[in-house]
Amino acid sequence: MSPDGSVHEAIDAIWHANRGEMARRIATLEEAVCALRSDELDDELRARAICDAHKLAGALGMFDLATGSELSRELEHSLEAAGGPLAGELARLAELVLALRAEFENRMSARQVADLTPSPPPTSKVMP
Amino acid sequence: MSSKRILLVDDEDDIREVASISMGAVGGWQVCAASSGPEAIDKALTEQPDAILLDVMMPGMDGLATFQRLQGDPRTREIPVILLTAKAHPADRRGFEELGVAGVLSKPFDPMALPGQVAELLRDAPVGAG
Amino acid sequence: MTHRRDPSRSHLPSLLIADDDPVICSLLTAQLSRSFDVVASAGDAEQAIALAVEHRPDIAIVDMQMPAGGGLRAAREMHALAPATAIVALSADESDGMVRDVIQAGAIAYVRKGVAAHELMTTLRRSIEAHVLLSSPAPGDPVTIATAGTQL
């Protein structure tokens with residue numbers, strides 16, 4: 001394997017080890033958007049969501065999820081806005097969170113597919 | 001392999017681990033790491049790294065407070081410090097640079113590009129930046 | 001966040017920083033801590049008001065875009081409840097309307113976000129001097145503060 005290949009494999013292993021925490025952070029953002037929908041987004045949940053969005057923004061791009069970082073940053077800014085996000089922004093926030101979840105799940109699926117893909121058959125055969 | 005040593009400081013495990021692989025396996029640096037400001041100060045004193053990559057937002061003693069402590073100690077003052085931040089508005093960057101850091105890098109970083117960016121900042125840093 | 005006042009720094013003017021961006025709070029603390037004793041930092045208007053009443057700092061830097069009512073409310077209430085504290089408004093908005101609003105709220109100066117550290121320090125020092133003059137029992141002529149990046 002090329003040196004780059006081993007680096008990517010090592011980074012992949014870190015992704016694998018930390019994906020649970022990233023999933024938890026995305027779940028916090030989903031919870032915040034749901035709470036906003038029922039006008040129950042309190043300061044504590046909003047603060048947690050801002051913190052988790054910030055951490056996702058700073059990390060996802062390291063794992064080839066640059067779009068995930070951008071989506072997280074947008075969520076962070078919307079949640080931080082003075083007075084908090086308005087009910088009118090709900091649709092936009094929901095879109096952002098759904099897109100973020102999709103990015104995450106796609107990354108997960110790609111790795112699971114790689115894990116499950118069987119080794120290619122041997123290309124040589126014994127000549128009669 | 002480079003004999004240069006870098007101290008990586010970030011409270012987030014995944015960022016610290018990826019940066020270690022990046023600076024070590026890609027950049028050829030010897031790497032040591034810390035997960036908090038106080039630990040960073042201890043390691044800077046004992047390891048005497050050639051550079052420090054320091055996250056700004058950490059609980060407790062944040063990156064800037066850590067930087068000021070490093071600056072305040074003659075044993076660590078000359079170690080160039082590069083800040084790492086997910087919030088890097090142009091106005092903030094100037095403020096960071098005025099404090100005397102060697103540079104500011106944004107999160108998320110590209111693990112394959114990070115060593116080159118660090119090398120460039122250290123090459124351009126004025127003598128004693130840190 | 002509150003810091004217990006260090007007696008060895010009591011000769012420095014005491015400063016309260018109010019900004020909902022923790023990076024800005026951190027940066028301002030780092031920039032100003034040699035010349036000022038940063039006694040507290042606040043992340044929203046409510047906290048800023050409470051800390052101003054508790055610490056009675058010589059000066060407060062207040063971000064005009066904070067949540068929970070924003071910097072204008074913080075400035076207004078701090079001016080009323082802690083009148084000895086000089087208030088400097090911090091904002092990215094340089095419109096005439098914003099400047100007028102912050103002065104009416106009780107701020108003595110206005111600083112643009114991202115202004116160089118030495119300009120910020122000059123503004124803060126001059127603001128303390130001006131506030132003392134304006135607050136004295138027999139005020140003289142109005143004092144004008146005008147430095148780069150700031151307006152009265």
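How many of the 152 residues of chain C count as buried? The share is 51%. Keep in mind that this is a predicted model.

Start with the layout of chain C. It holds 5 helices and 6 strands. Along the sequence they run β-α-β-α-β-α-β-α-β-α-β. Now look at the contacts in chain C with a separation of 6 or more. Residues 24 or more positions apart account for 64% of them.

Next, take one pair of helices. Two packed helices are described by the angle between their axes and the distance between the axes. In chain C, helix α1 covers residues 22-32 and helix α5 covers residues 117-135. They pack at an angle of about 80°, and their axes are 10 Å apart. Because of that angle, α1(C) is roughly perpendicular to α5(C). Which residues meet here, between α1(C) and α5(C)? From α1(C) come Leu28(C), Gln31(C) and Leu32(C). From α5(C) come Ala117(C), Leu120(C), Met121(C) and Leu124(C).

Finally, turn to chain B. Asp14(B) sits in helix α1 of that chain, which spans residues 13-26. Asp14(B) is buried, yet it has no salt bridge. Leaving aside residues up to four places away in sequence, Asp14(B) touches Ile14(A), Asn18(A), Met22(A), Ala59(A), Met62(A) and Phe63(A).

Definitions and conventions: Residues numbered from 1 in each chain as written. Chains lettered and ligands numbered in written order. Predicted model: local features only at pLDDT ≥ 70, side-chain atom pairs only at ≥ 80, totals over all residues. Heavy atoms only, no water. Helix = DSSP H or I, 4+ residues; strand = E, 2+ residues; numbered from the N terminus. Buried < 20%, exposed > 50% of the residue type's maximum accessible area, 1.4 Å probe, protein only. Lys, Arg positive; Asp, Glu negative; His and termini not counted. Salt bridge = Lys/Arg side-chain N within 4 Å of Asp/Glu carboxyl O. Contact = heavy atoms within 4.5 Å. Axes fitted to C-alpha atoms, helices over the stretch in contact; angles between N-to-C directions. Parallel < 35°, antiparallel > 145°, perpendicular 65-115°, else oblique.
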